[in-house]
Amino acid sequence: MMATMTATATSPAERIRRQLERLAHIRGLGPVPDCYARWIDQTRHLLLSTFGQGSPEATEFFRAVGEKASGFGLPLHGDWGIWARLNRGEAVLRQILARLEGDPGS
């Protein structure tokens, strides 16, 4: 019960920060397509539950990583490879985080 209360008490900025922190682990693994897909799904859920379907935040993220979460069959390199999608997804999350934290430069 306490874990649920703590999880729900975290701010959207803190949840986005945690997703950003998970990228180091994913990149350290290679990235493994399954870990990549799980990160995309978790981030998608976070953005949709926080900002809503059709929100600018969710739309920006989907545009950066693509609509489909599965990493299987995706190349690692290239404009739409896993590495590029992770980089673009990270950039979008950093922009959202900066807005949430009131960074005037974002």
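Predicted model: local features only at pLDDT ≥ 70, side-chain atom pairs only at ≥ 80, totals over all residues.
I read along the sequence first, and the protein chain follows the pattern α-α-α-α-α. That is five helices and zero strands; here helices (H or I, at least four residues) and strands (E, at least two) are DSSP runs, numbered from the N terminus.

Residues are numbered from 1 along each chain as its sequence is written, and side-chain values use heavy atoms, with hydrogens and water left out.

**Whole chain.** I looked up burial: of the 106 residues in the protein chain, 38% are buried (under 20% relative accessible area; exposed is over 50%, partly exposed in between; 1.4 Å probe, protein chains only). Then I checked contacts (heavy atoms within 4.5 Å). Among those between residues at least 6 apart in sequence, 62% join residues at least 24 apart.

**H2 against H5.** How do H2 and H5 pack? I found helix H2 (residues 12–29) and helix H5 (residues 82–100) at an angle of about 155°, with axes 10 Å apart. Axes are lines fitted to C-alpha atoms, for helices over the stretch in contact, and angles run from 0 to 180 degrees between N-to-C directions. That angle makes H2 roughly antiparallel to H5 (over 145 degrees; under 35 is roughly parallel, 65 to 115 roughly perpendicular, the rest oblique). H2 passes H5 in a left-handed crossing, a word used if the near helix is turned anticlockwise from the far one by less than a right angle, with right-handed if clockwise. On the H2 side, the contact includes Pro12, Ala13, Ile16 and Leu20, and on the H5 side it includes Trp83, Leu86, Leu93 and Leu97. By class, I noted twelve nonpolar, two polar and four charged residues in this contact. Ala, Val, Leu, Ile, Met, Phe, Trp, Tyr, Cys and Pro count as nonpolar, Asp, Glu, Lys and Arg as charged, and the others, Gly among them, as polar.

**H4 against H5.** Next I turned to helix H4 (residues 56–65), whose axis comes within 8 Å of that of H5 and crosses it at roughly 160°. So H4 is also roughly antiparallel to H5. This crossing is right-handed. H4 brings Glu57, Glu60, Phe61, Ala64 and Val65, and among the residues of H5 in the contact are Arg85, Gly89, Val92 and Ile96. The contact of H4 with H5 has six nonpolar, two polar and five charged residues.

**Arginine 85.** Is arginine 85 buried or exposed? I have it as buried, because its relative accessibility is 11%. Arginine 85 lies in helix H5. A polar atom of its side chain lies 2.7 Å from the backbone oxygen of tryptophan 80.

**Glycine 66.** I found glycine 66 in the loop between H4 and H5. It is buried, at a relative accessible area of 13%. What does glycine 66 touch, not counting residues up to four places away in sequence? I listed Arg44, Trp80 and Arg85. From glycine 66 to glycine 89 is 23 residues in sequence and 9.5 Å in space, C-alpha to C-alpha.

**Threonine 10.** Last entry: threonine 10 sits in the loop between helix H1 (2–9) and H2. With a relative accessible area of 17%, threonine 10 is buried. Leaving aside neighbours within four places in sequence, I see threonine 10 in contact with Arg15 and Arg18.

Definitions and conventions
Polar contact = N/O pair within 3.5 Å; in protein donor to acceptor, adjacent residues only side chain to side chain.
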